Amino acid sequence: MPLPGFVKAGLSAWRFVAGDETSVEQWAKKRYLHYVSSQLRKDRGRDWVQWSGRRFTIVSEAEDLPEPRRGIVLQGGCDLPSMFTIAPIIRQNIRGTVAIAKLTSGGAGRHRMDQIVQTLTPIPAVHTKAVMENLKLRQDYFEPILFNERFSIPAHPEFGVYPQTVVVMSIATDLTRTAYAHNVHDFTVDPGGWWLNQSLDRVLDDLSAVDWFRSTFRSVGKLSVEAFQESIAIVVRELKRRVGSKVMVYNSLVIDPGNQTHNYQLIKNPHSTRRRRFAVALAEASRALDFHIVDVDRILKTEGVKEQIDFAHFPIERMAPIGEEAVRILSEMDVV
Amino acid sequence: MAALFTGANSAIPSASSRNEIHDRYSDVPLIVRTETSEGVAKWLLEMSGAAAPGGPHHLTGVFDFRPDIVITSIAPEVELLTPPEAETIEEFKTNAATIVKMLRLHLNANVFWCNATTVDVNAQPTNHYGLSVEPRSLRVHRLCLALVDLSHEFGISIIDVDRILGEAGFQPNVNAGSEATRPRLLVRKEIFRVLEDYGYFDERPITAQVGQNGSRAI
């Protein structure tokens with residue numbers, strides 16, 4: 001959610017006087033930014049009420065958020081916000097209350113299936129302390145928060161608690177992200193988000209952090225198809241066993257719009273082939289583990305992808321048909 | 001230039017491709033022959049001269065025709081060999097690889113293989129649990145992967161029907177007024193583009209299909 005104009009103006013004036021990213025600014029951000037960015041929008045219809053905020057939407061039949069309550073947790077890539085487009089569809093016949101929320105936010109990534117599996121085994125805090133400080137990881141980065149039976153909306157306790165009825169994941173992160181393993185303790189992190197979300201000046205001012213990272217971690221590369229299959233099996237089984245959640249997983253567009261490659265004799269590992277192998281692996285996992293797939297590949301191809309610049313970033317108008325498909329599945333599950 | 005189009009009946013726009021080439025490169029001598037195929041397993045039997053008596057023998061003439069290019073498709077594997085009777089993907093790859101090697105050995109022909117769209121407007125399964133028959137879309141994904149492996153190994157070119165149709169979309173407004181012809185038009189243009197890439201219409205050597213396998217008769 002963009003900052004209000006008066007906040008931006010104040011920030012510019014302060015930076016003009018005191019400089020960028022001063023310790024005062026960092027303190028203020030830490031203490032007050034979530035108040036600014038947690039603004040609420042409330043919409044109301046004849047038989048429904050909807051609250052929308054940063055990374056969540058709640059649709060209910062009444063102001064007092066009656067039962068039955070269902071919670072839909074989003075875990076993963078940048079394609080999942082399309083789930084928020086289901087609100088206008090489900091609110092017309094809403095019974096009880098449905099909360100849709102993304103519980104984790106920017107910064108360092110932790111959405112690869114093997115990283116989710118990693119959270120199931122506690123890591124001694126003494127091993128992670130320096131890493132969490134240096135990479136500015138969230139306190140729950142290594143915690144199994146996806147396997148909690150209930151959740152509340154971050155920064156909005158007034159909306160109460162919801163069961164984790166459905167977990168929605170995406171393979172986009174598994175396709176693209178590179179993980180790094182600790183040289184001594186072997187746990188992995190994905191610092192990509194951290195670097196990308198910083199001011200370049202700040203990173204360049206502190207190159208010792210880069211040296212520290214280079215000497216502390218080693219790249220373990222992208223997730224293999226086999227490791228993905230092993231990891232998703234554990235994640236789905238544990239979600240069902242510990243939480244009782246139903247599971248939906250987004251696949252990904254397998255073609256590269258505009259890529260005119262027709263011969264692979266000199267191309268060993270095209271990314272489109274990697275995505276197709278993951279699409280097949282996901283279907284096989286669905287067959288073995290009983291979960292639903294939101295077939296993003298089919299939906300985008302049906303709509304046409306000529307204007308799309310790459311496989312991952314589709315125009316905002318494509319979110320609606322993906323949301324419609326999600327509603328079809330949630331309806332089959334009797335969640336909406 | 002002699003081109004052999006072979007595939008399921010409507011999968012490959014052979015006649016329109018011939019017309020397009022003739023319109024744009026009228027000085028290029030061109031012979032086009034179109035055959036119907038029932039998949040690589042039967043094709044291989046026919047090429048090996050081992051087809052059952054009374055069975056289809058039309059493709060045995062491929063050696064007499066001596067094409068420079070063979071343009072074929074996975075459509076028979078998708079449409080004519082419905083599971084569970086369908087050959088496995090490994091069988092497809094083995095048979096297709098043998099065919100490519102035979103075409104290379106005896107004819108020195110380049111091979112273009114059309115893949116297919118994974119979009120099945122009639123079946124949109126979201127949960128594969130308990131399905132007795134693998135969905136068509138998943139089978140097409142597997143066949144597309146097999147083609148990439150064959151391209152890597154033998155250097156064949158893939159006419160990426162999945163990408164071409166996926167770019168255009170399947171919405172009624174996209175194909176309005178020409179539903180039967182628009183996908184064929186797009187595939188035809190792609191075949192034409194790939195032929196140009198190889199240099200068939202230029203005064204230069206034709207690009208060789210070698211692949212990692214390197215099995216090419218010169």
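Analyst: **Strand pairing in chain A**

T178(A) has K222(A) as its bridge partner in β10(A). This is a predicted model, in which local features need pLDDT of at least 70 and side-chain atom pairs count only at pLDDT 80 or more, while totals for chains, interfaces and linings use all residues. Residues are numbered from 1 along each chain as its sequence is written, and chains are lettered from A and ligands numbered from 1 in the order in which they are written.

Strand β8 of chain A, residues 178-182, runs antiparallel to β10(A) and is joined to it by five bridges; strands are DSSP runs of E, at least two residues long, numbered from the N terminus, and two of them pair if DSSP finds at least two bridges between them. The open sheet contains three strands in the order β9-β8-β10 (chain A), with antiparallel pairing. Because β9 (188-189) and β10 (217-222) of chain A each have a single partner strand, they stand at the edges, and one side of each is left without a neighbour in the sheet.

The contact between the chains takes 29 residues from chain A and 36 from chain B, two residues being in contact if their C-beta atoms, placed from the backbone, lie within 7 Å. On the chain B side, α6 (136-154), β5 (157-159) and α7 (161-168) each give two or more residues, and α6(B) provides the largest share, nine residues.

Key: Helix = DSSP H or I, 4+ residues; strand = E, 2+ residues; numbered from the N terminus.
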